[in-house]
Amino acid sequence: MRILVSGGAGYIGSVVATRLLEIGHEVTVIDDLSTGHRDAVPDGARLVLGRVHDAGSLLGDERFDGAVHLAASSLVGESIENPEKYWENNVVGTRRLLDALEARGVPRIVFSSTAAVYGEPERVPVDEGASAHPVNPYGESKLAVDEMLAGDGAAGRIGAVSLRYFNVAGAYRGRGERHDPETHLVPIALQAALGTRRGLVVYGDDYPTRDGTCVRDYIHVADLAEAHLGALCSIGAGAHRVYNLGNGAGFTVREVIAAVEAVTGAAIAVTVSGRRAGDPAVLVASSARAQDELGWRPERPTLDEMIRDAWDVLRARGSR
Ligand code: UFG
């Protein structure tokens, strides 16, 4: 199939694009490189440089059999300080992209949604029936797009799947996290282990969890990419399905730090600060629906493997 990947120069998007090419699809990436990296776009993919807002004109008369839409602003903290950026980039940008896809008769889209739509969940593991009450504009913007897709699906304009990612980690074929600034726990801990960052601040140790720090469900980026491939093939005309993607196991911040220390052999200097705004105490996924309906199974479920793969890429890069 000919697949458009928005955000294909980013961490997850570049892994999705790589896997699509590996199994024989043609890939066009649209990315404005505002946070992505040109060298993350895999060889063999065509790069269209620009925003999804302008997809209609940038893509000319190119035709696609499907799209994977990952281009977004994705920092919870930034979304609280600058909510309009999230509505503009995530909601308005997606509307424009959908207009361009629907005008071309593209039949299917896989959307990169997030566990952040659930906010502080009522129960864990979180399944797709849980009510969505986002606690930050990032989660609100992604939920708005999920609803937009449901509406377009019901109107028969496109078939869609929303994949609600929990915490993504690891690396695949040299592609790891490379954000600037970096805000995510695993790469920050690895930078501290490598010595390119002085220690790590734990955002709160007074949560109602086993050691007081937040619990998250980490999923390997390669397993996540595989779910996109399965989702693309599963999409029926005019339907919208939602799938949670995680491993169903939660780790505290302190447990992640200990795992990074074990894999790297380095001691990480840790200090504790107050809570970070917008952080739920516990987020753990039930991915039973993805397993039942997509036949998806995580093949790299251990935290150690995610950390080792990310560590190898970080060390090869030599810094950051
Ligand atoms: N944390 C620290 N110190 C740090 C960085 C993170 O203590 O320096 C803690 C956070 O407070 C949180 C946990 O580590 O408790 C994980 O934080 P991340 O920033 O790595 O990830 P988040 O859980 O905040 O967010 C991730 C994605 C979001 C997505 C969310 C959904 O980055 O896009 O998962 O669960 F919305």
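Predicted model: local features only at pLDDT ≥ 70, side-chain atom pairs only at ≥ 80, totals over all residues.
1. **A covered strand.** Start with E6, which spans residues 159–165. The strand is mostly covered, with seven of its seven residues buried. Gly159, Val161, Leu163 and Tyr165 point one way from E6. Ala160, Ser162 and Arg164 point the other way. Both sets are buried.

2. **Strand E5.** E6 pairs with E5, residues 108–114, in the parallel sense. Seven bridges join E5 and E6. In this pairing, Phe111 stands opposite Ser162.

3. Helix H5 covers residues 137–154. Together, E5, H5 and E6 form a β-α-β unit, and the unit is right-handed.

4. **Strand E11.** E6 also pairs with E11, residues 240–245. The sense is again parallel, over six bridges. Here Ser162 stands opposite Val242.

5. Domain 1 gives 44 residues to the contact, and domain 2 gives 35 residues.

6. **What the interface buries.** Domain 1 and domain 2 bury about 3,300 Å² between them. Carbon and sulfur atoms account for 59% of that area. On the domain 1 side, Tyr11, His220 and Asp223 lose the most area to domain 2. Together they make up 19% of what that side buries.

7. **Charged pairs.** Five salt bridges are found across the interface of domain 1 and domain 2. Look also at Asp223 and Arg300: their side chains meet in a salt bridge, at 3.8 Å from N to O.

Methods: Residues numbered from 1 in each chain as written. Heavy atoms only, no water. Buried < 20%, exposed > 50% of the residue type's maximum accessible area, 1.4 Å probe, protein only. Helix = DSSP H or I, 4+ residues; strand = E, 2+ residues; numbered from the N terminus. Pairing = 2+ DSSP bridges. Right-handed = clockwise from strand over helix to strand, strands pointing away. Contact = heavy atoms within 4.5 Å. Buried area = accessible area lost by both parts, 1.4 Å probe. Salt bridge = Lys/Arg side-chain N within 4 Å of Asp/Glu carboxyl O.
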